[in-house]
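I opened my notebook to get to know a new structure. Here is what I looked up, entry by entry.

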Amino acid sequence: MSTAASLHQSRKRKNAVMMTLCVIAAGIGLAWLALILGALLYKGLSGVNLAVFTEMTPPPGDAGGLLNAIYGSIVMTIIGIIVGTPIGVLAGTYMAEYGRFSKLTTVVRFINDILLSAPSIIIGLFVYELMVRPMGHFSAIAGAVALAILVIPVVVRTTEDMLNLVPNALREAGTAIGAPRWVVIRSVAYRAALSGIVTGILLAIARISGETAPLLFTALNNQFWSSNLNAPMASLPVTIFQFALSPYEEWQQLAWTGALIITLTVLGLSIFARSLTGRREDR
Amino acid sequence: MSAVQEALPAIRGSRDATVRRFAFTDAIFHGLTRAAAILVLVLLSGVAISLIVGAWPALSTFGFSFITTESWNPVTEKFGALAPIYGTIITSAIAILIAVPLGIGIAIFLTELCPRPLRRPIGMAVELLAGIPSIIYGIWGLFVLAPFLQTTVQPFIISVFHGIPGLNSLFAGPPYGIGLLTSAMILAIMILPFITSITKDVFDTVPSVLKESAYGIGCTTWEVTRRVVIPYTRIGIMGGVMLALGRALGETMAVTFVIGNAHRISTSLFAPATTISATIANEFTEAVGDLYTSSLVALGLILFIITFLILAIARYMLMRIDARTGA
């Protein structure tokens, strides 16, 4: 009787201890992440002013802005998306529609998942060997290609997943009225999966807008305004990297402000992307 | 009636033409999507081939000793990858040791303990944090974490372990703030959301019947988690941990900020060191001479092989748990 009671007591005690540890773990994790975001807001906000968006990156010790870096990031992100998205959507379409049960799809899915989490610096090295070395110089277009390669696996994954969710009855209805397969895919499957595919593209934008490593030795950096795609171009992440590691206070402040801009962009895009799919789930 | 009979061949002919046109465009679209799918395969093999080609000068010059020598000297052009490989493995291993218990703890909290209205917001916050670019973690590590460790934590730890053999070399000064342990901590906080969200997802695959029957015979929450949930999801958790390990091994920017970029192997966790990705990020654009560049590409090749294997194992494990829940 007493042993049973003490066993019960010890089990309850053990449970209380472990559950407390779990709560502490959650507390530590959330507090740690809150600390990072808090520091980012605190240090970044103090440097936000109009000059950040209207002036070029300054020489050491001077005041200035991040205009050319912001512009470079936007340009390379847009080109990366324009190049990467069609390839990703088409590949995802093959995997979910034409080749749903083929051997090729299984292999591509496996390889795509590996590409999805492959170190981005490796992609940078690849594009360096592929484009920068043959061309003989760093260029914005090489940076954009590196970003496009990062876009593809994200879009492939979401496109395939979303097309797989489209009920087969819809496709059968399309086929039954005599529409060929590609018309069924275009007018039925794509339309049904549209918000999911757009979510994938938004997530891809969120991913590449903060990528630094693949740009380091493809687009390099540029202290001045440049819209030449065949020349080195500044980007927000690379500028942050350079400025943060510098000994100049103005540069460090700009790095914090740039970091805040990137984080808000990425968080905003992710929340928007999630709200798109969230609405669909509710419906 | 005769008019219809006269018109029939024409109708049939135009229908045949339409069907042929449909078949033709369909074949084109089919081919296009197939080509895009094959391009994904070509990309990965292209990465492997270009790295091997780029690394070949270094590998043929140094041979196997490339991965067994510590010296990294651009002046005499003697390159060995041991120090970066050591730094990569040690930082990732410590990061996993910190992040896995924390991540699983948070997942248990979210699935078993958290009040229902808070579950979705906290779960979503965790997923959003997984998407924050690594450079943000790097800049925080450099300006906030490293000075704090340097002035407060490290001197204390050094003084505590000063007289204890073994531990005193593991925690030997001077406290720089940056170094192996700082990098590992930054990596841990980076992969934490990742481990948490995967663990939470696989915890959700446990059939409620299993959990309810365990509760029904009087098990405590911890016993249900320990004896039912974790054994049931073991493969999935392992897959998530491997995936996080793959991330940690290849993580570049966060580590580059706080590792110190020193090409030597030190027993102290407080010493500056380097990792494969940090070495490439720091030195690639400044590398002069083909052998130097090639050695850096060879480092990239080693990283590629290590992460490819880890990620392949991780995906294999996660595919197995997917297959089970799908069945």
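**A buried lysine**

I began with B:Lys211, which is buried, with a relative accessible area of 18%. I kept in mind that this is a predicted model. The cut-off for buried is under 20%, so B:Lys211 falls within that class at 18%.

Next I looked for its partner. The side chain of B:Lys211 forms a salt bridge with that of B:Glu112, at 3.3 Å from N to O. This pair joins distant parts of the chain, as B:Lys211 sits in helix α7 (residues 208-216) of chain B and B:Glu112 in helix α2 (residues 82-113) of chain B, 99 residues apart.

**Other charged pairs**

A:Glu160 belongs to helix α6 (residues 140-165) and A:Arg109 to helix α4 (residues 103-117), both of chain A, so the bridge ties together parts 51 residues apart in sequence. I then asked how open each partner is. A:Glu160 counts as buried at 3% relative accessibility, whereas A:Arg109 counts as partly exposed at 32%.

My next pair was B:Arg315 and A:Asp113, whose side chains meet in a salt bridge of 4.0 Å, N to O. This pair crosses between chains, going from helix α12 of chain B to helix α4 of chain A. I found B:Arg315 buried at 10% relative accessibility and A:Asp113 buried at 9%. I also saw that these two belong to a network of salt bridges, in which A:Asp113 and B:Arg315 are linked with A:Arg157 and A:Asp161.

**Where the chains meet**

I turned to the interface as a whole. Here 79 residues of chain A are in contact with 78 residues of chain B. The area buried between the two chains is about 7300 Å², and carbon and sulfur atoms give 83% of it.

How many salt bridges does the rule find across the interface of chain A and chain B? I wrote down three. One that I checked is between B:Glu223 and A:Arg11, at 2.7 Å from N to O.

Which part of chain A gives the largest share of the side that touches chain B? That is helix α1 (residues 2-45) of chain A, with 20 residues. Sorted by class, this side of chain A has 59 nonpolar, eleven polar and nine charged residues.

**The nonpolar core**

The largest nonpolar core has 200 residues, and A:Phe217 and B:Tyr137 touch the most other members. Helix α12 (residues 290-326) of chain B gives the most to this core, 17 residues.

Leaving aside neighbours within four places in sequence, its contacts include A:Leu33 and A:Ile36 in chain A, and B:Leu129, B:Ile186 and B:Met190 in chain B.

Last, I looked at two loop residues of chain B. B:Glu77 has a positive phi of about 55 degrees although it is not a glycine. B:Glu77 lies in the loop between β1 (72-73) and β2 (78-79), and is partly exposed at 31% relative accessible area.

B:Asn261, also not a glycine, has a positive phi of about 50 degrees. I located B:Asn261 in the loop between α10 (253-258) and α11 (276-283) of chain B, and at 28% relative accessibility B:Asn261 counts as partly exposed.

Conventions: Residues are numbered from 1 along each chain as its sequence is written. Chains are lettered from A and ligands numbered from 1 in the order in which they are written. This is a predicted model: local features need pLDDT of at least 70, side-chain atom pairs count only at pLDDT 80 or more; totals for chains, interfaces and linings use all residues. Side-chain values use heavy atoms; hydrogens and water are left out. Contact means heavy atoms within 4.5 Å. Buried area is the accessible area (1.4 Å probe) that two parts lose on being put together, summed over both. Helices (H or I, at least four residues) and strands (E, at least two) are DSSP runs, numbered from the N terminus. Ala, Val, Leu, Ile, Met, Phe, Trp, Tyr, Cys and Pro count as nonpolar, Asp, Glu, Lys and Arg as charged, and the others, Gly among them, as polar. A nonpolar core is a set of buried Ala, Val, Leu, Ile, Met, Phe, Trp, Tyr and Cys residues joined through side-chain atoms within 4.5 Å. Buried means under 20% relative accessible area, exposed over 50%, partly exposed in between (1.4 Å probe, protein chains only).
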